[in-house]
Amino acid sequence: MNDNMLAIPFLLPLVGALILVMLNKQVKISRMIALVILFISFISSLMLLIYVMYHQPLKLDFSGWSAPFGIQYVGDPLSLLLVTTTHFVVFMIIGFGFGRGEKRANRYYLPSFILFLAVGVVGSFLTADLFNLYVMFEIMLLASFVLVTLGQSVEQLRASIIYVVLNVIGSWIFLIGIGLLYRQLGTLNYTHIAMRINELEDPTAIHLVAMSFIVAFGSKAALVLFMWLPKAYAVLNTELAALFASLMTKVGAYALIRFFTLIFNQSNDVTEPLLIVMACITMVIGAVGTVAYKDIKKIAAYQVVLSIGFVILGLGTHTVHGVNGAIFYLVNDIVVKALLFFVIGIIVYTTGYRQYRHLKGLAQKEPWLGIALIVVTLAIGGVPPFSGFPGKLFIFMGAIEHKHYIGLTLMILTSLVGMYSLFRVFFYMYAGNQEKGAEITFHPIRPVRKRIIMIMTWMVLIIGLAAPVIMQVTERATAMNMNVHQYIKMVNPELRGDAK
């Protein structure tokens, strides 16, 4: 397969975003174009993933400049698995639509900015150059700034200010880390960085750089630094909340996985305990948040924080089982959180209320929502055979291998708390006093939205049942990233003669 094919998942959404800018008044046409582009991107990403599973990783050197001098994109199992999942979820979000606000959304170029955000996310997964990763982060964040600030409520304005300020600070720290790393090593290519770090006699200076990247990526992933997330996600409409919940924190988590398996191997004695402590704190924060609120949007937002704690716990063990589980759970969580926010958003739209104590009697009107909510709850809890089980099982095994029983205990307890918070919402809405529920005026749900939720529900089940197949991809991704020499040999073997 031609390496230039690697540009398709990145370029198609970019071209589509530019086209939709000129078609902002043509609602149906722009929607169809976006769906076609995302479907083609999804199929091409899936084909590339299948190819690299049976062959070598793909690499694309822009303008013919080979690494480490030029910008390089690498399609390996980790990046292409996440790219494929991203295109699938964004396709579902565009298909879900903006309801009665469709024309207003197009007038404000929301579909274009959603595709621009997808460009930043996909570029972050594919790039193998540190500064280009910063550029992709900024594309993603600029699009998200527009999406999170397009509103007329005071609550949304306040939330957007916190979101923008904290993410800008995180970007500054990221840029400082890039400068420090380049000063130490004189390169920004991932494989070249990994080579030169492994050849350092005294990696003490690199420990400081690694810490700066933990803070920078952690702020993007809501790892301990979660303050921006609940308020921002709670004020977004259903489609944008699903988009942010499924993708925004996952890019930061991906960067942590990539950097602290492939690059900062010599800093493990410093970074592993820190990552595990931060993961434990994040799990506790997420669990407390899920039971502290009666606002179902904020409950869903803290579920996002909780899941990041699980992923980073697996990474912090720095074991094959733990990292494998972290990657699997990260992929699973992209789909699960999109479904969760679809369900929560539909409940809020149908009833007009965000606090679950007002939602009694909903089962009489929309019983199918209960099925979707139960499935997503069991997936979040890691109950077999749902999609969250394989990832949590491997994280569990990694924590035992690492002998970090505190983190293991917290993962089990917070998983139960997360499930309890959603089951509480379910039973309150579906087994409550029907007389009070009858006072609610239920708004009708568009059939396409019902179909999207049912497709996503089936996908959560399929991920769990097809876990052995997906595990082949995550195991390959884990093996490549935890073996620096193998990664260099498969991606940039020519650099081995260029190391200092």
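This is a predicted model: local features need pLDDT of at least 70, side-chain atom pairs count only at pLDDT 80 or more; totals for chains, interfaces and linings use all residues.
Residues are numbered from 1 along each chain as its sequence is written. Local features need pLDDT of at least 70, side-chain atom pairs count only at pLDDT 80 or more, and totals for chains, interfaces and linings use all residues, while side-chain values use heavy atoms, without hydrogens or water.

**Stop 1**

Select Leu46, Leu49, Leu81, Thr84 and Ile470. Of the 23 residues lining the second largest pocket, these are the closest to its centre. A pocket is an open set of points on a 1 Å grid over the protein atoms alone, where a 1.4 Å probe fits, with protein on both sides within 12 Å along at least five of seven lines; lining residues have an atom within 4 Å of a point. The volume is about 630 Å³, taken as the space filled by probe spheres set on the points, which are joined across faces, edges and corners.

Next, colour α2 (27-54), α3 (77-96), α14 (320-351), α19 (447-465) and α20 (467-482); each supplies at least two lining residues. Helices here are DSSP runs (H or I, at least four residues), numbered from the N terminus. Which helix gives the most to the lining? That is α2, with seven residues. The lining has 20 nonpolar, three polar and no charged residues. Ala, Val, Leu, Ile, Met, Phe, Trp, Tyr, Cys and Pro count as nonpolar, Asp, Glu, Lys and Arg as charged, and the others, Gly among them, as polar.

**Stop 2: α9 and α11**

Select residues 204-221 (α9) and 238-263 (α11); their axes come within 7 Å and cross at roughly 155°. Axes are lines fitted to C-alpha atoms, for helices over the stretch in contact, and angles run from 0 to 180 degrees between N-to-C directions. The two helices are therefore roughly antiparallel (angles over 145 degrees). Residues in contact (heavy atoms within 4.5 Å) include Phe213 and Phe217 of α9 and Leu256 and Phe259 of α11. The contact divides into eleven nonpolar, three polar and one charged residues.

**Stop 3: α7 and α10**

Move to residues 154-185 (α7) and 228-235 (α10), which pack at about 140° with axes 8 Å apart. Among the contact residues are Tyr163 of α7 and Trp228 of α10.

**Stop 4: α13 and α16**

Last, select residues 296-317 (α13) and 388-402 (α16), packed at about 40° with axes 9 Å apart. This pair is oblique. The contact includes Phe310 of α13 and His402 of α16, and has four nonpolar, five polar and one charged residues.

How values were computed
Angles under 35 degrees count as roughly parallel, over 145 as roughly antiparallel, 65 to 115 as roughly perpendicular and the rest as oblique.
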